[in-house]
Amino acid sequence: MTIFDKIKTFFKIGGAKMGAVSNLTAITDHPKIGVSGNEYNRINTNLKFLKGDFEKVSYKNTYGNRKARDYVSLNMAQVASRRMASLIFNEQFEFSIDGNDAANDYAHSIFDNNDFKKNFERYLESALALGGLAMKPYVSGGQVKIAYVQAPMFYPLNSNTNDISEAAVATHVVRTEKDKQIYYTLLEFHEWADNTYVVSNELYRSENPGQVGVNVPLANVYEDLAEWVKYDNISRPLFVYLKPFGFNNKDIVSPLGISIYDNAHNTLQSINDTFDQFHWEIKMGQRRVAIPESMTQLQFEGDSQTPREYFDADQNVFVQIPGDIDNTNINDLTTGIRANEYISAMTHFLKTLEVQLGLSSGMFSFDGQGLKTATEVVSEDSMTYQTRNSHLSNVERAIQELIISCLELAKFTGLYAGEIPTLADITIDTDDGVFTDKGAEADYHAKLIAMGIESKQAAMMKVLDISEDEAEKMFEQITYETQPPMEAIDKAIYGE
């Protein structure tokens, strides 16, 4: 940072204190941001459930002292998000660009270099849990990279009913300056000026982590970052916003998506409370006995002048009862753990959660036969399969848009010189194997062959998921094994 930038920073901070320069408390206070701060309060609540971040439980012990213990949650929010993400997207994902080999090869190189298959499934879990995810291509080291912007860092500007066309992306940096923690927030604005796409940057500085702070020169942190860049011949934003399937009923005018468990907070809390109480009951179900008063001894705790009665300072299983000196009976007061009641309550709440998330019965809860297999779920016209397909439609469209954004950025920067494909040119292939009943599929094609409306070779390609050449070779081998040629028969009978 130059002397000039330091002087500008000094005067901006001073001006902000006089009210002459914008001083943001929250990012949503920026005049360009078009979303209510309540939406980000909702996202933070979802994040709390995802992290299992709950306050400690306060209680009084036997002696009336106030204590605090950790809250033990089952964290079904994270379990549900991870499970749904794995059903929607997996390593079998493939895509192709029809009629454009140059674009197809370059797009695959981008996805391979960014290890897209592994990273996307991980961030998809965040998108489902928090209600959205942005993917932003950028150029670094002569290659197109993909940055993942999670919901708390993505702020729409303007939007229509179908898509978000302008947005701001926040990046937080903490630095130590003169033995003091300084909090910087970079806002990267993506906007349209007529038909020109403009990316501009603003940097804010604060000494309070709860405030965005004062607008300062970019060189305070980012010496080589331009204040703005224009992009010509760009057809769409250089970011893709993916949101889970479903209408945002929390704010009906918000362009942001809704978490898969946004409408299940009460159920998640009930599950966590039940699990926490069950955990505590197990701990409290330890051995407890009643002893006569004559068997205790007085001790002083620390500097306190108040004595306490102890049976054994290392034991926490006794309860003192009045008694004479000759009474040495010790009575067992241990109570049974209400395991069946808690398990029944947990099962009820888990079934409720399945309904609220649009999942088939048995996805989380247990019945007499245990968890249902994927084949059983599909055979029951699975709600999970329908919900998965609804989310998958949004995912496939987002990946198509990301491919186009990557290619347009590469062409603008001179890394790619070919034609830009359309959405219709990009085919997304996802693996439905986890939901496919291969036995039922084989029976279906066997019936078509028996009816004379499908060839054996075509059925082999579909059931075994093999190419036409592989099916032809396999068909020839099967024919040879079942109907060997006469030369082989003669050789087997008469020899050479």
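Which residues in α3 meet T384, T387, R388, H391, L392 and V395 in α9? They are M84, L87 and I88, where a contact means heavy atoms within 4.5 Å.

Before I go on, a word on the source: this is a predicted model, in which local features need pLDDT of at least 70 and side-chain atom pairs count only at pLDDT 80 or more, while totals for chains, interfaces and linings use all residues. Residues are numbered from 1 along each chain as its sequence is written, and side-chain values use heavy atoms, with hydrogens and water left out.

The chain holds 13 helices and 19 strands, the helices being DSSP runs of H or I with at least four residues and the strands runs of E with at least two, numbered from the N terminus. Of its 496 residues, 39% are buried, meaning under 20% relative accessible area with a 1.4 Å probe and protein chains only. Among contacts with a separation of 6 or more, 62% come from residues 24 or more positions apart.

Let me return to the opening pair. Helix α3, residues 76-88, packs against helix α9, residues 383-412, at an angle of about 70°, and their axes are 9 Å apart; axes here are lines fitted to C-alpha atoms, for helices over the stretch in contact, and angles run from 0 to 180 degrees between N-to-C directions. The two helices are therefore roughly perpendicular, the term for angles of 65 to 115 degrees. By class, the contact of α3 with α9 has 5 nonpolar, 3 polar and 1 charged residues, with Ala, Val, Leu, Ile, Met, Phe, Trp, Tyr, Cys and Pro counted as nonpolar, Asp, Glu, Lys and Arg as charged, and the others, Gly among them, as polar.

On the α4 side the contact is made by A103, Y106, A107, I110 and F111, and on the α9 side by I399, L402, I403, C406, L407 and A410. Here the division is 11 nonpolar, no polar and no charged.

What is buried in α4? The residues are A103, N104, Y106, A107, I110 and F111, and the buried residues of this helix pack against β4, α5, β6 and α9. As a check on geometry, the 13 residues of α4, residues 101-113, should span 18 Å at 1.5 Å a residue, and the end C-alpha atoms are 18 Å apart, which agrees; the expected span is 1.5 Å times one less than the number of residues. Just after α4, D115 takes a positive phi of about 50°.

Now to the sheet, which is open, has 3 strands in the order β6-β5-β13, and pairs in the antiparallel sense; pairing requires that DSSP finds at least two bridges between two strands. Because β6 and β13 stand at the edges, each with a single partner strand, one side of each is left without a neighbour in the sheet. The twist averages 25° from one strand to the next. Strand β5, residues 133-140, pairs with β13 over 3 bridges, and M135 stands opposite V240 in β13. Helix α9 packs on this sheet as well, touching β5, β6 and β13, and its direction makes about 20° with that of β5. Helix α5 lies across β5, β6 and β13, running at about 20° to β6.

Terms used. Parallel < 35°, antiparallel > 145°, perpendicular 65-115°, else oblique. Buried < 20%, exposed > 50% of the residue type's maximum accessible area, 1.4 Å probe, protein only.
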